[in-house]
Amino acid sequence: MWTVPKPKYRPGSCGEGEIAVNIGGVRVVLYGEVLNRYPDSRLAELLDCSTQNHEGISSLCDDFDPGSNEFYFDRDPDAFKCIIDVYYFNEIHIKPGICPICFIKEMEFWKIDQAVLDECCKSYLSEKEDELTEIANKVKVILEDLEPDRCVTCTQRCQRFLWRLMEKPGSSRPARVIAIASFLSVLVSAVVMCVGTIPELQVADAEGKLVEHPILEAIETACMSWFTAEYLLRLASSPHKLHFVLSFMNVVDFMSIVPFYVVLSLTYFGTSSMMELTNVQQAVQALRIMRIARIFKLARHSAGLQTLTFALKRSLKELGLLLMYMGVGIFVFSALAYTMEQSHPETLFRSIPQSFWWAIITMTTVGYGDIYPKTTLGKCNAAVSFLCGVIAIALPIHPIINNFVVYYNKQKVLETAAKHEVELMELKSGRDVRRKSRD
């Protein structure tokens with residue numbers, strides 16, 4: 001409800017205690033009693049300023065027409081319509097289509113404090129400020145790749161060159177070739193690990209046990225040599241070695257390399273009596289299985305996998321809800337299944353913990369068939385648990401997918417904006433150079 005007269009957007013003379021402003025071609029007549037609610041604002045100062053004080057008027061507006069007693073401002077009229085809401089409602093909402101960063105500048109011009117922004121607009125503004133920070137960081141990285149080497153010593157120049165070669169695929173053609181070679185090495189290593197488990201491609205050792213084919217082992221050794229050299233070169237050229245070592249992806253790289261050398265030392269450098277120990281042999285097999293960690297190295301070369309990781313991070317709340325729904329359902333339906341199946345002489349539900357497995361495979365719609373109800377009530381319970389499982393899984397899926405799409409599109413926009421910002425900086429620097437040459 002409007003408790004005071006609305007501002008007038010039509011032509012006409014303004015009466016006593018009123019002020020006429022022209023914002024980007026839109027004429028607005030405002031009431032003095034409304035403007036005085038915020039006496040420190042620009043409009044309130046303009047109301048108190050005498051029309052004879054031309055110097056004071058010129059400091060507050062862009063132009064003044066004494067004939068119509070109208071003040072002119074070369075500002076955004078759409079943003080101004082949001083600004084004047086503070087005089088009537090004591091809060092401001094940023095309308096859709098208005099850049100929040102530009103709107104903050106409008107608020108600073110009209111001398112309105114940001115505290116009057118509504119909470120929804122503050123969160124929206126904070127999100128946009130974070131995006132600008134990300135763009136600035138991306139621009140900084142691009143400029144670092146484009147700027148010439150300014151290192152003092154030869155060692156620093158070599159370190160910077162090696163860092164670009166190993167970490168910046170877009171900096172040069174050799175760097176792109178190395179990135180592609182690293183990507184292919186990960187794929188080849190994964191394929192070799194899978195093919196090496198095929199019995200037809202294995203050979204028997206001296207004890208008659210099947211082991212990997214020597215050719216596959218040679219390929220595996222070559223891939224591991226590449227991974228080791230790549231990791232050591234990246235570590236040696238890193239400007240911040242502690243941050244490099246503690247980075248998640250670099251930890252994955254390290255964990256995918258170490259098992260190879262541990263198995264190598266246990267196999268070729270251990271004593272024969274030591275290798276006969278069952279625990280040592282099991283440790284070797286476990287370390288060989290850890291080779292699957294290499295597939296995660298693809299995330300360092302794939303923007304899609306990185307986006308998926310960040311999207312899952314942003315969806316921890318939804319994933320937590322999914323686990324909670326499933327946990328409650330598994331406990332309830334497994335207990336019911338155990339109770340209902342006790343009357344059957346050939347029941348497969350021996351205990352509630354054993355029934356957990358049945359509830360998991362039923363609610364996730366897998367249904368291996370190794371354990372199933374045989375009574376009528378048990379079958380009804382299974383049908384209800386199946387339906388509840390489908391609903392519990394489907395509910396959080398949409399927010400998770402939406403987070404992935406939003407984050408992926410946001411990253412594409414940020415990358416485009418960063419490149420556009422760099423192009424604008426290059427154009428501006430080119431104009432400055434031409435201007436200086438003309439002078």
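E346 is exposed, with a relative accessible area of 52%, which places E346 over the 50% cut-off. In this predicted model, E346 forms a salt bridge with K374, and the closest N and O atoms are 3.7 Å apart. K374 counts as partly exposed, at 25% relative accessibility.

## Other salt bridges

The whole structure contains five salt bridges. One of them joins E70 and R27, with 3.1 Å between the closest N and O atoms. This pair links distant parts of the chain: E70 belongs to strand β4 (residues 70-73) and R27 to strand β2 (residues 26-31), 43 residues apart. E70 is buried at 6% relative accessibility, and R27 is buried at 14%.

A salt bridge also connects the side chains of E106 and R75, at 3.3 Å from N to O. Here E106 sits in helix α6 (residues 100-109) and R75 in the loop between β4 and α4 (77-83), with the two residues 31 apart in the chain. E106 counts as buried at 9% relative accessibility, whereas R75 counts as partly exposed at 24%.

## S355 in helix α17

S355 is located in helix α17, which spans residues 352-363. Its relative accessible area is 0%, so S355 is buried. Leaving aside residues up to four places away in sequence, S355 touches S334, Y338 and F349.

Technical notes: Residues numbered from 1 in each chain as written. Predicted model: local features only at pLDDT ≥ 70, side-chain atom pairs only at ≥ 80, totals over all residues. Heavy atoms only, no water. Helix = DSSP H or I, 4+ residues; strand = E, 2+ residues; numbered from the N terminus. Buried < 20%, exposed > 50% of the residue type's maximum accessible area, 1.4 Å probe, protein only. Contact = heavy atoms within 4.5 Å. Salt bridge = Lys/Arg side-chain N within 4 Å of Asp/Glu carboxyl O.
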